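Here is a walk through one protein model. Keep the viewer open and follow the residue numbers as they come up.

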Amino acid sequence: MPSRLFSRLLCAMMALTLFTPALHATQVALTGDASIDSSRPATNFGSLSNLYVNGTSTTLVRFSLGNLPAGTTASQVESATLFVFVNRVNASGAVMVAPVNSSWTESGVTYSSQPAYGAAIGTFAADTAGEYVAVDVTSQVQSWISTPAANFGLALSSPSADIVLDSKENDQTAHPPLLDVTLVNQGPQGPAGPAGATGATGPPLTFQGAWSSSTAYALGDAVSFNGSSYIALTGNLNVSPPSDGTVWALLAQEGATGPTGAQGIQGLQGIPGPTGAQGATGVTGSQGLPGATGATGVTGATGATGVTGATGVTGATGATGATGLTGATGVTGATGPTGTTGPQGVTGSTGATGATGATGVTGTTGVTGATGDTGVTGATGVTGATGATGATGATSNFTWVGSIGNATDTATYYLPPSGNVQVPNSNTESEPGAGDVYVPFSCTVSALLVRGQEVNASALATDSSTFTVRHNGLDTAMHCTVNNSSAVDGAAATCSDTADTFSVTAGDLLEFKYSQTSNAPIINYSTMLVCQ
């Protein structure tokens, strides 16, 4: 009885096969795929591993129907389905599929040379990444079979979606576009055979899932076991299907594992990601030690001794001249907190030798004493003692030399025109008059000279510094600007003004007004102010 039941089941399965129309599915060859982009109209993207469909990009695919059976007609196409793999969805939306109506090549097509397109023949929704989507293109494939010369492929476009598809060059996920064509056998139908005798009705087949040793099975129960399926030929308990052919009959054998496919070629390198944000600027290092002070200029030659006046009657000793006014002492700046000792700065280059002082004016000749009345000629007296030598005439010119370390900001400061100054020395240097120095003699301020040198290799930058001479609290026209424009350690620049001269009187006040355009470099300035 069990063997008769199996025979009846096998006959039923063969009958179903004989009366089902013969269908033949063929996957035709993909011969070209590429994207074109209106934002890069002259660029060909045929070698990329991805295909793009969005507001600016259209994808073209072309298939060869040459591997369909010879003589295949349009009426034999049961169905034709286009499959594309959605790798990534940036924005979901409907994608339209339209026929391409003119020639193109994968390695040459660009947006500027794109082919013509026909009306859309189908659409699909692109809203899920990581899966194939299918589009029915049966009528289009039937048209290509009728007119092979019109097969230029299909175009995929969308005004709203933004998706990325796999191309045939993608060896990472390896899901190129596919065109599956199913053909129906159109041969003449043979004559119907004689009807066979009606067989006895067999028991119903009841699928019970995976075989279990604890389940009692009845005749006609079907189970799966290690990938194959079996039908019970008799009732049984704890009899595994392959162990006894009289209890279980094989329905379907598990297929053998196919060979491992060859490894795909290495994909093209992806487009580099955007540059990362710039890191925060590091903490500015502490200021290096000031460079050495330039050598003191040579002392001007001493004026020539005035002519000795004729010996006359010794006059009364003149009154002692008033002592000149003592210059105001600058306010001592508050001592700043001791900073962390930084690396020793590069030793500043030796300052330029100061100009030779002007030769002093010859002293004024002493006044000749009045001639006394001629007395009676008496005996020749003893020769009197020689009178004292007259005092050397006063010097009436000066040259002030200064050394200034630049500020750490771009504020305006008021500085003395002589001596060593580190800006800012105190908060009072930001007030006009903070650098005032008394003029010792009446003379003409005739020259301003400034030299600036970058002295710290770790704090190099370009800078422009302006020095203006102020007289009695007002800016004068005398000024110059030092442009340190090379940002090189040890580089120096100079400026001078000998055109905008002005006169001063003993007791007048002079100071520098100073400002710079950058607080980045460390610069030492040597200054000279000449009055003669």
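Buried means under 20% relative accessible area, exposed means over 50%, and partly exposed lies in between (1.4 Å probe, protein chains only). The model is predicted: local features need pLDDT of at least 70, side-chain atom pairs count only at pLDDT 80 or more, and totals for chains, interfaces and linings use all residues. Residues are numbered from 1 along each chain as its sequence is written, and side-chain values use heavy atoms, with hydrogens and water left out.

Start with the whole chain. The protein chain has 2 helices and 27 strands. Helices (H or I, at least four residues) and strands (E, at least two) are DSSP runs, numbered from the N terminus. Of the 532 residues, 33% count as buried. The accessible surface comes to about 31,000 Å². Carbon and sulfur atoms hold 55% of that surface. These areas come from the Shrake-Rupley method with a 1.4 Å probe; for residues, only the protein chains shown count as cover. Now take contacts, meaning heavy atoms within 4.5 Å. Among contacts between residues at least 6 apart in sequence, 73% join residues at least 24 apart.

Next, look at strand S9, residues 162–166. In S9, 4 of the 5 residues are buried, so the strand is largely enclosed by the rest of the structure. Which strands pair with S9? S2 does, in the antiparallel sense over 4 bridges. Strand S4 (residues 77–91) also pairs with S9 in the antiparallel sense, over 4 bridges. Two strands pair if DSSP finds at least two bridges between them. Asn50 stands opposite Asp166 in S9. Val86 stands opposite Leu165 in S9.

Ser49 brings us back to this region. Ser49 sits in the loop between strand S1 (23–37) and strand S2 (50–53). Is Ser49 buried or exposed? Ser49 has a relative accessible area of 17%, so it counts as buried. Set aside its neighbours within four places in sequence, and Ser49 is in contact with Leu165, Asp166, Ser167, Glu169 and Asn170.

Move on to Thr58, in strand S3 (residues 57–64). Thr58 is buried because its relative accessible area is 17%. Which residues does Thr58 contact, leaving aside neighbours within four places in sequence? The list includes Ala34, Ser35 and Ile36. Tyr52 and Tyr117 are also among them. Ala155, Leu156 and Ser157 belong to the list too.

Strand S5 (residues 93–99) pairs with S6 in the antiparallel sense over 5 bridges. Within that pairing, the bridge partner of Met96 in S6 is Thr123.

Now the cysteines. How many disulfides does the structure hold? There are 2. A disulfide here is a pair of cysteine sulfur atoms within 2.5 Å. Cys443 and Cys531 form one, with their sulfur atoms 1.8 Å apart. The link of Cys443 and Cys531 is right-handed, with 115 degrees about the S-S bond. Cys443 lies in strand S21 (residues 443–454) and Cys531 in strand S27 (residues 523–531), so the pair ties together parts that are 88 residues apart in sequence. Both Cys443 and Cys531 are buried.

Cys480 and Cys495 form a disulfide with sulfur atoms 2.1 Å apart. The link of Cys480 and Cys495 is right-handed, with 45 degrees about the S-S bond. This pair links distant parts of the chain: Cys480 is in strand S23 (residues 474–484) and Cys495 in strand S24 (residues 492–497), 15 residues apart. Cys480 counts as buried because its relative accessibility is 5%. Cys495 is at 11%, so Cys495 counts as buried as well. With the bonded cysteines numbered in sequence order, the pairing is 1-4, 2-3.

Asn472 lies in the loop between strand S22 (463–471) and S23. Phi of Asn472 is near 55 degrees, a positive value in a residue other than glycine. Asn472 is at 41% relative accessibility, so it counts as partly exposed. Ala487 lies in the loop between S23 and S24. Phi of Ala487 is near 50 degrees, again a positive value in a residue other than glycine. Ala487 counts as partly exposed because its relative accessibility is 27%.
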